[in-house]
Amino acid sequence: MTDAPQSDPSGYTPPNLWTWNKPSGGRFASINRPIAGSTHEKELPVGRHPLQLYSLATPNGVKVTVMLEELLALGQKGAEYDAWLININDGEQFGSGFVAVNPNSKIPALMDRSGPEPIRVFESGSILLYLAEKFGAFLPGDVKTRAECLSWLFWQMGSAPYLGGGFGHFYAYAPTKIEYAIDRFAMEAKRQLDVLDRRLAESEYLAGGDYSIADIAVWPWYGALAKGLLYGAGEFLSVQEYKNVQRWTDAIAKRPAVQRGRMVNRTWGDPASQLHERHDAGDFETRTQEKIGAPAS
Ligand SMILES: N[C@@H](CCC(=O)N[C@@H](CS)C(=O)NCC(=O)O)C(=O)O
């Protein structure tokens, strides 16, 4: 027995050595590269607030803007932030300034400039934990509930790549529909929804009775999936079946900080739902009024 790839009915046999010699044809192919590092020199802008966020309103980006808006809603003035737009479709994640903040070239990336030395934080889960510890919020204090919270936080970080890079990629973005790949990842996406549904049958929020960074991490991915907003896959995955996920998704969507956070760095959809950059709490008001044509005074 060998694990070496065999040829398949499509006629493709992987060569002994893979080389980067042709575009994949998939959506986002233009930004995929097999090497790390920057492609061009570009400094990042720095605003006046202690926290500088470089991001885009994808589910991973929304986790952080929701967290910052939640902290501000608690009255944490130190959580004031400038949110700068990083357009990943234009390759801005490969600029030298961005790579210095996140060597992995993916949004979101945060610079904390509140202390004597700037501190860089990358990976959305790490940013949520950093902010929760810095401000003492949305992370349970007792050992057992904290462990539950971190377990769900890291569950999200480990699971969403199967949902996005696996199911979403092959169902919505790949240039050809491969039944094997779609079946494999649809099975996993539904299994993950069921994992959440069972947890939310026994607990109001993921860590327990209180909303936490676990919910903030999971909601932008699985809440959007449950509402049919990801990959147009609501019917395909029969998302309405997951009643507890639906209940939890709706409850979180009602939070004013969540409604603000999901607008930040958003450049698509209803114009009234977009705030391309955020530099002041008043930006939401001004933006909404501009979009609906009301005077922006
Ligand atoms: N594990 C990372 C994933 C971040 C990620 O995949 N970001 C995507 C957008 S959602 C990105 O920046 N992609 C650009 C690229 O791959 O070049 C996190 O949670 O922060």
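This is a predicted model: local features need pLDDT of at least 70, side-chain atom pairs count only at pLDDT 80 or more; totals for chains, interfaces and linings use all residues.
User: Parallel or antiparallel for β3 and β4?

Analyst: Strand β3 (residues 109–112) pairs with β4 in the antiparallel sense over four bridges. These two strands form a hairpin with six residues between them. Leu110 has Val121 of β4 as its bridge partner, and Ala109 stands opposite Phe122 in β4.

User: And how many bridges join β1 to β3?

Analyst: Four bridges join β1 to β3, and the two run antiparallel. Leu51 stands opposite Asp112 in β3.

User: Moving to the helices, at what angle do α1 and α3 cross?

Analyst: Helix α1 and helix α3 (residues 124–135) cross at roughly 10°, with axes that come within 9 Å. That makes α1 roughly parallel to α3, the label for angles under 35 degrees; over 145 is roughly antiparallel, 65 to 115 roughly perpendicular and the rest oblique.

User: Which residues make that contact?

Analyst: Asn60, Lys63, Val64, Met67 and Leu71 of α1 make the contact with Ser124, Ile127, Leu128, Leu131 and Phe135 of α3. Two residues are in contact if their C-beta atoms, placed from the backbone, lie within 7 Å. By class, the contact of α1 with α3 has seven nonpolar, two polar and one charged residues. Here Ala, Val, Leu, Ile, Met, Phe, Trp, Tyr, Cys and Pro count as nonpolar, Asp, Glu, Lys and Arg as charged, and the others, Gly among them, as polar.

User: At what angle do α1 and α6 cross?

Analyst: The axes of α1 (residues 59–73) and α6 (residues 213–226) cross at roughly 140° and come within 9 Å. That makes α1 oblique to α6. On the α1 side, Pro59, Val62, Lys63, Val66 and Met67 meet Ile213, Ile216, Ala217, Pro220, Trp221 and Ala224 of α6. That contact divides into 10 nonpolar, no polar and one charged residue.

User: What about α4 and α5: left-handed or right-handed?

Analyst: Helix α4 (residues 143–173) and helix α5 (residues 179–202) cross at roughly 140°, with axes within 9 Å. That makes α4 oblique to α5. Their crossing is left-handed, meaning that the near helix is turned anticlockwise from the far one by less than a right angle, while clockwise would be right-handed. The residues of this contact divide into 10 nonpolar, three polar and one charged.

User: New topic. Which residues surround the ligand?

Analyst: The surrounding residues are Ile31, Thr58, Asn60, Ile88, Gln93, Ser105, Lys106, Ile107, Pro108, Glu123 and Ser124. A residue is near a molecule if its C-beta atom, placed from the backbone, lies within 6 Å of it. The shell divides into four nonpolar, five polar and two charged residues. Asn60 and Ser124 are listed in this shell and in the contact of α1 with α3.

User: Cis or trans for the bond from Ile107 to Pro108?

Analyst: That peptide bond is cis, with omega near 0°. Pro108 lies in the loop between α2 (96–101) and β3.

User: Where does Ser238 lie?

Analyst: Ser238 lies in the loop between α6 and α7 (243–253). Its phi is positive, at about 50°, although Ser238 is not a glycine. Most residues other than glycine have a negative phi.

Terms used. Residues are numbered from 1 along each chain as its sequence is written. Axes are lines fitted to C-alpha atoms, for helices over the stretch in contact, and angles run from 0 to 180 degrees between N-to-C directions. Two strands pair if DSSP finds at least two bridges between them.
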